[in-house]
Amino acid sequence: MTELDTGVAAGIGDLGAPAPGGPEIGAARRRKEDARLVTGRTRWTDNIQLPGMLHVAFLRSPLAHARILRADASAALRRPGVVAAFTGRDLAGELGGLPCAWPVTEDIVMPDHPPMAADEVRYAGEAVACVIATDRYKAHDALEHIDIDYDPLPAVVDLTAALAEGSPTVHDAGNRAYVWKFSAGDTEAAFRDAPVVIERTYLQQRLIPAAMEPRAVVAQTDGETFTLYSSTQIPHILRVMLAQVTGIPEHRLRVIAPDVGGGFGSKLQVTAEEALALLLTRRLGRPVKWTESRTEGNLSVHHGRGQLQRVAIAAEPDGRLRGLRVDLLADLGAYLMLITPGVPVLGGFMYPGIYKMDAYDFTCTGVFTTKMPTDAYRGAGRPEATFAIERLMDELAAELGLDPVEVRRRNWIAHEEFPHTTIAGMTYDSGHYEAATEKALTLFGYDDLRAEQARRRDRGDPVQLGIGVSTFTEMCGLAPSRVLGSLSFGAGGWEHAAVRMLPTGKVEVVTGTSPHGQGHVTAWSQIVADALGVPFEDVSVLHGDTAVAPKGMDTYGSRSLAIGGVALLQACDKVKEKARHVAAHMLEASADDIEFSKGVFRVRGTGSGTTIQEVALAVFAAHDLPDGAEPSLDSDATYDPVNFSFPHGTHLCAVEVDTETGATEIRSYVAVDDVGKVINPLIVEGQVHGGLAQGIAQALFEEAVYDAEGNLLTATLADYLVPSAADLPGFVTARTETPATSNPLGVKGVGEAGTIASTPAVVNAVVDALRPYGVHDVPMPCTPERVWRALRGGTDAADATIVPEGGS
């Protein structure tokens with residue numbers, strides 16, 4: 001499932017309407033958005049048609065690294081329907097470089113990132129020229145008539161080799177972008193004379209986002225003001241950044257995110273195409289549109305993950321952790337995009353996971369390569385950290401002959417120890433790892449599966465059973481502004497919301513969060529319905545347009561509910577406080593004697609009362625208001641969180657691995673998540689399902705593959721394997737609930753949990769099936785070929801005899 005599947009896939013009619021008088025929060029309401037979205041009554045960016053609109057096509061470099069000797073677009077101008085054609089040199093100087101908002105160290109190397117290459121290309125797929133024509137097909141056809149002469153330069157593909165002395169360089173300053181360190185406790189002492197030390201190297205392969213809707217941009221101008229429609233997660237951030245890149249004054253730039261079909265971090269970006277669309281509409285005075293193809297997207301959407309993790313854990317003989325050491329190489333690609341440097345650094349705070357230990361040392365080296373830049377992808381640093389620690393915990397259990405669940409029990413933070421500050425400096429406010437794990441084990445039938453596994457091993461079954469465990473937490477609700485400031489992030493973590501009481505008693509909500517499939521309209525309606533005592537159906541939600549919702553920090557990092565939802569609740573409180581004084585005047589009582597419940601203001605101890613809708617009408621008329629009262633109940637609020645939020649859970653996976661072919665099939669999967677207070681369980685379920693699909697995809701299917709020359713070999717969906725529903729199992733999902741104490745809603749975030757937890761659960765299961773054969777790792781994705789090779793020690797001997805360790 002994807003983010004857009006939430007609610008509709010259940011097919012359960014009107015399920016979820018609360019009982020009369022019951023609360024909306026907690027009700028499994030079907031999403032308000034879905035009927036329109038699934039019947040095509042949408043406004044995707046590519047659907048937008050404007051008078052006189054032109055279409056843009058980009059010519060992209062076929063080489064990973066080369067100097068541009070000559071660029072000539074004149075022949076393209078003679079093609080039918082072509083209005084204009086430009087090379088990077090034609091446009092050089094009209095735009096600033098694309099921004100990086102997270103310079104994680106003072107000495108970070110931040111090379112200029114031109115929206116279109118003029119002199120040198122640094123990854124295959126970088127734009128070098130463009131054609132603007134009367135339709136997209138004529139524009140694409142004319143690309144063939146642009147003449148570019150390249151002088152090839154050496155590609156830089158391998159992370160380790162990139163740092164070696166004498167390696168070819170991506171930029172003049174070298175291939176090392178930064179080194180970021182964090183240390184707590186005495187790591188050297190923790191490892192010195194440790195009875196158990198386990199060292200492993202894991203590769204987090206690059207992933208290519210595949211949102212339901214490809215990226216698309218439409219730009220127009222009236223000569224003075226500019227409007228940009230973009231399939232983006234961040235209309236507010238985009239407006240600020242594009243004003244700086246293009247020189248268009250911010251107050252003359254409007255950014256609209258219409259219906260957005262999925263993002264997963266891939267649309268948390270300020271892209272070359274957005275900046276160039278504004279430049280082209282300014283040059284030509286006509287609207288322009290660009291919509292990417294899937295192949296173009298694989299080449300030019302920022303990639304996710306891309307890390308080499310060298311990790312070590314020290315422990316006592318009973319499994320108690322002493323220390324953790326992480327040496328990380330982060331593949332940044334050719335440039336630093338919006339938050340490229342910060343993604344691996346963010347993950348650095350989560351390698352200790354849910355575990356207690358005495359010392360922790362983390363070093364991240366950011367490395368330039370001649371590949372598409374990496375940036376945020378669902379989870380953004382936390383999936384990589386969770387994978388490493390959860391793989392290590394399984395390795396520790398195997399080394400000590402302990403059950404993987406037991407070794408986790410001996411190390412996790414007990415529920416009575418919350419709030420707990422981890423060795424990485426994170427203060428976890430609440431959690432109950434024991435409860436989530438026990439529930440998952442019961443639903444999974446853990447003991448029965450272990451018994452079946454033992455029987456299969458004893459009889460040498462060619463199809464072995466593997467059981468994978470992942471107990472995790474993550475940091476959501478990104479984030480307190482002061483914390484972000486301490487990490488050199490270029491913005492704050494606050495969020496804004498406004499509530500408008502209309503004269504007829506209906507409610508308009510304006511939110512700074514920008515949904516792309518998460519169900520904000522429905523969840524926000526439920527929050528407001530309970531807070532103001534108005535019907536769910538009487539709430540509308542406005543978003544995604546900087547002229548309508550002028551303030552916001554947008555949607556990413558599972559922050560919308562934990563921050564945007566709290567801002568909304570605070571705005572509702574302000575509305576009620578204004579209305580209370582008017583109600584007191586209407587009821588001829590003191591405001592101190594007025595109580596509010598389920599939409600009605602009452603005089604304490606009497607039956608006298610008035611509804612909030614009646615108060616709204618009276619305020620609109622303004623015939624008899626208290627002295628000094630303004631004729632408006634409308635209110636807004638800006639909320640800056642005091643801490644991150646920390647959802648957690650336990651995921652269990654059983655796989656069957658055919659040792660003769662390497663084929664792996666997930667037999668059962670159980671996910672028990674704790675996301676704090678649940679606003680809408682149907683939305684939570686959909687988010688978990690979508691997250692599981694993406695996490696399992698990394699474990700078994702997806703990988704961006706480059707050759708030695710820096711060519712992307714997985715540029716089409718025929719080569720890059722995105723799993724379908726047929727490739728995935730049915731999921732058993734459940735929840736425990738320990739409300740967050742850091743926000744008044746008690747919510748924690750759910751958008752990334754399934755992705756973070758599932759990858760190590762699946763890989764642990766695959767490795768568990770193969771342990772009797774001496775296998776302790778299978779590189780991701782665990783394809784049949786890689787499993788088969790791991791069983792044969794990496795040889796190509798098809799006739800190798802496989803005997804479990806200790807077998808005959």
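## Backbone features in loops

Helices, of at least four residues, and strands, of at least two, are DSSP runs numbered from the N terminus. In this predicted model, proline 419 sits in the loop between helix 11 (404-409) and strand 16 (420-421). Phenylalanine 418 and proline 419 are joined by a cis peptide bond, with omega about -5°. A cis peptide bond also runs from leucine 478 to alanine 479, where omega is near -10°. Alanine 479 belongs to the loop between strand 18 (463-473) and helix 14 (481-486).

Two non-glycine residues with positive phi are found in other loops. Aspartate 554 has phi of about 75° and is placed in the loop between strand 21 (539-542) and helix 16 (560-586). Glutamate 588, with phi of about 55°, is in the loop between helix 16 and strand 22 (594-597). Aspartate 554 counts as buried because its relative accessibility is 0%, under the 20% limit. Glutamate 588 counts as exposed because its relative accessibility is 75%, over the 50% limit.

## Domain arrangement

The domain assignment divides the protein chain into domain 1 (45-153 + 212-262 + 267-299), domain 2 (384-475 + 645-792) and domain 3 (494-639). The centres of domain 1 and domain 3, taken over C-alpha atoms, are separated by 41 Å.

## Interface of domain 1 and domain 3

In the contact between these domains, 16 residues of domain 1 meet 17 residues of domain 3. About 1300 Å² is buried between domain 1 and domain 3, and carbon and sulfur atoms give 52% of this area. Of the area that domain 1 buries against domain 3, 46% comes from Gln233, His236 and Arg254, more than from any other three residues.

The interface of domain 1 and domain 3 holds 1 salt bridge. Arginine 254 forms a salt bridge with aspartate 545, and their closest N and O atoms are 2.6 Å apart. On the side of domain 1 that touches domain 3, helix 6 (235-246) and strand 11 (253-256) are the elements that give two or more residues. By class, that side has 9 nonpolar, 5 polar and 2 charged residues.

Histidine 496 is part of strand 19 (residues 495-501). Histidine 496 is buried because its relative accessible area is 6%, under the 20% limit. Its side chain makes a polar contact of 3.2 Å with the side chain of aspartate 636. Leaving aside residues up to four places away in sequence, histidine 496 touches residues including Val510, Thr511, Lys551, Ala567 and Asp636.

How values were computed
Residues numbered from 1 in each chain as written. Predicted model: local features only at pLDDT ≥ 70, side-chain atom pairs only at ≥ 80, totals over all residues. Heavy atoms only, no water. Buried < 20%, exposed > 50% of the residue type's maximum accessible area, 1.4 Å probe, protein only. Polar contact = N/O pair within 3.5 Å; in protein donor to acceptor, adjacent residues only side chain to side chain. Contact = heavy atoms within 4.5 Å. Domains from an automatic or database assignment. Buried area = accessible area lost by both parts, 1.4 Å probe. Salt bridge = Lys/Arg side-chain N within 4 Å of Asp/Glu carboxyl O. Nonpolar A, V, L, I, M, F, W, Y, C, P; charged D, E, K, R; others polar.
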